Amino acid sequence: MNGNNKKTVLSGIQPSGHLCIGNYLGAIRNWVALQDSHNCIFLVVDLHALTVRQVPSELRNRCLSFVAQYMACGIDPEKSLIVIQSHVSQHAELHWILNTLTYMGELNRMTQFKDKAGKHEDNINAGLFTYPVLMAADILIYQADLVPVGHDQKQHLELARNIAQRFNTRYSETFIVPDGLIPKVGARIMSLQAPERKMSKSDENLNNLIALLDPPDVIVRKIKRAVTDSGSEILFDEKRPGITNLLNIYLSLSGQTKEAVEEHFIGKQYSELKSELSERVVEFLKPIQRQYSELMQDKAYLNSILKKGADTARYLAQKTISKVYRKVGFVPYKR
Ligand code: TRP
């Protein structure tokens, strides 16, 4: 790590809800592809998860489960660092410093804060408000060059860039100003019941998402219930978001072209698309689920991966925080 001239890639997912095929096709699949050409760090951002109420035992299990799912999807701990955010205290340390460089007005403009505040009216805590600053700390602490993010995180990434530039201007060049890596391929996977919205791992209605760990009968049932549109032709058509979403999932898993997929379904019925799609999804998830089960039975191995990830990440993060503390004028700790 860092002993080469590869660029550093950093990304993370909040451990809430159920990792779903939207996460895989929109993010994790792209992470897997970056592992050889980049120094990659993939986080499970448990500090972020506390911005909504959590059941402690469930949070703990979910974090480990997410780590195992990253690995089952192809994140290779020999190539990449897999890190639980709370294992590296420098994230929180940098978060504080960056908070003092972020304006209330900037955070007030964050659309995700407004969304989330609307959804959790009984728990609009300060953490929810400064959430994007912690995300900036996640990125800047490792001097990441590239940050794969979905559309919904572009505003947060822009804030991270602004904060980095502000620090650099005020205290001299310190942080790499990261670029977003918005995937070229990979369609946005939408909710099965409400295809005008993104498929979300935290959706309360589980029929809206296909979880990576859903058993075959559940997948078949969810796809059967997915909304389709009026008309009967099976074509990619923006005006028919339901059918287009199912086709996009099929397309992403088949590796064919749009034209080939449309051709394949000429003259077929929605029910045939749904059953073929279910089969594809089930087959695709089978090896992932098998590997996941094996990993979850070997907690000692998982913990060793996390230890290695945290040890290397701490080393990198400490280099940055030491520099930052010196630049802002803190008294150095001398042994
Ligand atoms: N906020 C991101 C999300 O909700 C998760 C996240 C936290 C993240 N820290 C990050 C993503 C750093 C990329 C880089 O999806």
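Helices (H or I, at least four residues) and strands (E, at least two) are DSSP runs, numbered from the N terminus. The model is predicted, so that local features need pLDDT of at least 70 and side-chain atom pairs count only at pLDDT 80 or more, while totals for chains, interfaces and linings use all residues. Residues are numbered from 1 along each chain as its sequence is written, and side-chain values use heavy atoms, with hydrogens and water left out.

In helix 9, which spans residues 216-225, the buried residues are V218, I219, K222 and I223. Because these residues cover an arc of only 125° around the axis, they lie on the same side of helix 9; the arc is that of the directions from the helix axis to the C-beta atoms. D217 and K224, on the other side of helix 9, are exposed. Buried means under 20% relative accessible area, exposed over 50%, and partly exposed in between (1.4 Å probe, protein chains only).

Helix 13 (residues 299-328) meets helix 3 (residues 56-72), and their axes come within 11 Å and cross at roughly 85°. Helix 3 is therefore roughly perpendicular to helix 13; angles of 65 to 115 degrees count as such, and angles under 35 degrees as roughly parallel. On helix 3 the contact is made by L64, V67, A68 and M71, and on helix 13 by K299, Y301, L302, N303, I305 and L306.

Helix 13 also packs with helix 4 (residues 90-99), with axes that come within 10 Å and cross at roughly 25°. These two helices are therefore roughly parallel to each other, and their crossing is left-handed, that is, the near helix is turned anticlockwise from the far one by less than a right angle. Here Q90, E93, L94 and I97 of helix 4 meet R314, A317, Q318, I321, V324, Y325 and V328 of helix 13.

Most residues other than glycine have a negative phi. Q143, however, has a positive phi of about 55° although it is not a glycine. Q143 is placed in the loop between helix 7 (126-141) and strand 4 (146-148), and at 17% relative accessibility Q143 counts as buried. S172 likewise has a positive phi, near 90°. The loop that holds S172 runs between helix 8 (154-171) and strand 5 (179-181). With 37% relative accessibility, S172 counts as partly exposed.

Definitions and conventions
Axes fitted to C-alpha atoms, helices over the stretch in contact; angles between N-to-C directions. Parallel < 35°, antiparallel > 145°, perpendicular 65-115°, else oblique. Contact = heavy atoms within 4.5 Å.
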